[in-house]
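Keep the structure open as you read.

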Amino acid sequence: MRKIELHWQILIGMIVGIVFGFGMTYLSWGKGFIADWVQPFGTIFVKLLKLIAIPLIIASLVKGISDLKDISKFRNIGLRTIGIYVGTTVVAISVGLLLVNLFQPGEGISEATITKLTDTYASDSGVTSKIEEATRQKDSGPLNFLVDMVPDNALAAMSNNSLMLQVIFFTIFLGISMLLIGEERAKPLKQFFDALNDVVLKMVDLIMLTAPFAVFALLAGVVASSSDPELLLALLKYAGVVVLGLFLMIVFYAIVVSVFTKKNPFWFLKEISPAQLLAFSTSSSAATLPVTMERVEEHIGVDKEVSSFVLPVGATINMDGTSLYQGVAAVFIAQALAFDLTLADQLTIVLTALLASIGSAAVPGAGMVMLVIVLESIGFPADKLAIGLALIFAVDRPLDMCRTVVNITGDATVSMAVAKSVGKLGQPKVKEWDDHLEEVK
């Protein structure tokens with residue numbers, strides 16, 4: 001019997017998980033059963049992916065840099081990566097602003113709905129914590145994000161997944177230093193990192209064997225813990241505008257792949273789909289990073305020299321989906337609360353969302369934290385911030401799942417574009433989890 005491809009297995013797991021979750025909500029003990037006996041398996045899966053994220057970044061980035069014969073290539077890769085990431089983020093914010101001004105979803109929100117959303121969510125700890133975190137971010141200096149990139153303790157940075165930029169900084173520093181001491185002296189350390197890279201990629205393969213079951217557990221948990229259906233329906237137009245914008249970004253990536261890399265965009269989307277489905281299930285670019293790297297390197301053919309830098313950096317600073325959401329959410333809140341926005345205000349949203357996507361990348365729940373910063377940049381009344389966040393809090397989780405898909409698709413697209421521009425886009429070389437099983441039997 002022909003083996004079902006991984007993306008179909010994951011998709012089946014997602015559908016069954018959603019149906020199972022909905023079914024269990026009709027039973028008095030259903031939500032408790034999912035929380036106690038189903039969701040933990042999804043949580044374990046996410047923890048396993050996060051467990052190997054830092055070792056994978058270190059091993060693959062050191063391997064990628066140490067394989068370079070010309071150190072100037074790394075500079076070229078870095079400059080092109082940052083330049084393209086900034087460009088795609090500006091496109092994403094612009095698409096969001098265009099759609100929200102065209103459809104004006106905030107105009108249809110009634111006073112009764114605003115009151116109900118405010119009563120339900122304005123004092124929620126999730127909302128208040130985001131406002132507090134944004135205040136801390138805003139009060140820091142303009143170059144504070146550069147300061148935050150440099151660790152004062154490499155081991156401490158490696159122990160915290162939210163400090164990924166610090167790990168990348170240290171690893172690049174280590175890799176360049178290995179190049180500068182000469183190939184012969186660096187050989188023992190290079191062999192260690194080469195072997196570590198192979199081992200961690202094998203761990204990715206083994207973890208992915210459980211992916212269909214894990215996304216079943218994750219989606220069942222999301223459905224069982226979903227908010228008031230009436231409030232979700234009231235925000236349907238706003239959510240629809242965000243999802244339409246995210247879909248248009250996927251179309252934009254497909255065009256970039258077709259025009260700049262001369263590859264079939266449908267083939268690209270098929271090969272990256274397991275990472276997209278996991279991003280949807282986990283709502284985390286960082287947790288999905290090991291799978292994104294494995295798909296881009298082995299299934300799309302991007303050289304490790306490129307992917308090992310572009311993808312970890314993208315997971316922390318490139319948030320196209322989140323940036324698009326900033327534009328839509330900011331204008332939606334302004335429309336719903338009758339706060340007039342000028343053209344200058346909307347241009348400020350573009351600039352602030354771009355800077356916030358870089359400076360706030362490592363903050364947990366970065367999307368809503370960034371949104372507070374964006375709203376404050378256009379002079380939104382401080383006393384209405386909690387009400388503004390409450391308006392969109394009910395649908396934030398499902399939209400977070402969707403925008404994470406766009407975030408990792410953007411990372412994969414940029415890695416292909418950069419690889420093509422430096423001659424590092426080759427043929428895929430797929431490795432299976434049991435390639436060397438016969439050797440150890």
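How do the residues of the lining of the largest cavity divide into nonpolar, polar and charged? They come out as four nonpolar, two polar and one charged, where Ala, Val, Leu, Ile, Met, Phe, Trp, Tyr, Cys and Pro count as nonpolar, Asp, Glu, Lys and Arg as charged, and the others, Gly among them, as polar.

Before going further, a word on the ground rules. This is a predicted model, with local features needing pLDDT of at least 70 and side-chain atom pairs counting only at pLDDT 80 or more, while totals for chains, interfaces and linings use all residues. Residues are numbered from 1 along each chain as its sequence is written, and side-chain values use heavy atoms, with hydrogens and water left out.

Back to the hole. Rolling a probe the size of a water molecule over the atoms shows where empty space is left. A cavity here is a set of points, on a 1 Å grid over the protein atoms alone, where a 1.4 Å probe fits but cannot get out, and lining residues have an atom within 4 Å of a point. Grid points are joined across faces, edges and corners, and a volume is the space filled by probe spheres set on the points. Searching the whole structure turns up one cavity of 30 Å³ or more, and the largest cavity holds about 30 Å³ of space. Its lining is made of S285, L289, T292, L311, A315, I408 and D411. At least two of the lining residues come from each of α14 (285-300), α15 (304-317) and α20 (396-421), with α14 giving the largest share, three residues. Helices are DSSP runs (H or I, at least four residues), numbered from the N terminus.

Now follow α15 to its meeting with α2 (residues 30-66): their axes come within 8 Å and cross at roughly 135°. Axes are lines fitted to C-alpha atoms, over the stretch in contact, and angles run from 0 to 180 degrees between N-to-C directions. The two helices are therefore oblique to each other, a label for angles that are not under 35 degrees (roughly parallel), over 145 (roughly antiparallel) or 65 to 115 (roughly perpendicular). On the α2 side, the contact (heavy atoms within 4.5 Å) uses I57, S60, L61, K63 and G64, and α15 answers with K304, E305, S308, F309 and P312. By class, that makes four nonpolar, three polar and three charged residues.

Elsewhere on α2 sits α10 (residues 211-224), again with axes that come within 8 Å and cross at roughly 135°. Here α2 brings residues including I34, V38, F41 and F45, while A214, F216 and L218 are among those from α10. This contact has twelve nonpolar, four polar and one charged residues.

Note on methods: 1 Å grid on protein atoms, 1.4 Å probe; cavity = no way out; pocket = protein on both sides within 12 Å on 5 of 7 lines; lining within 4 Å.
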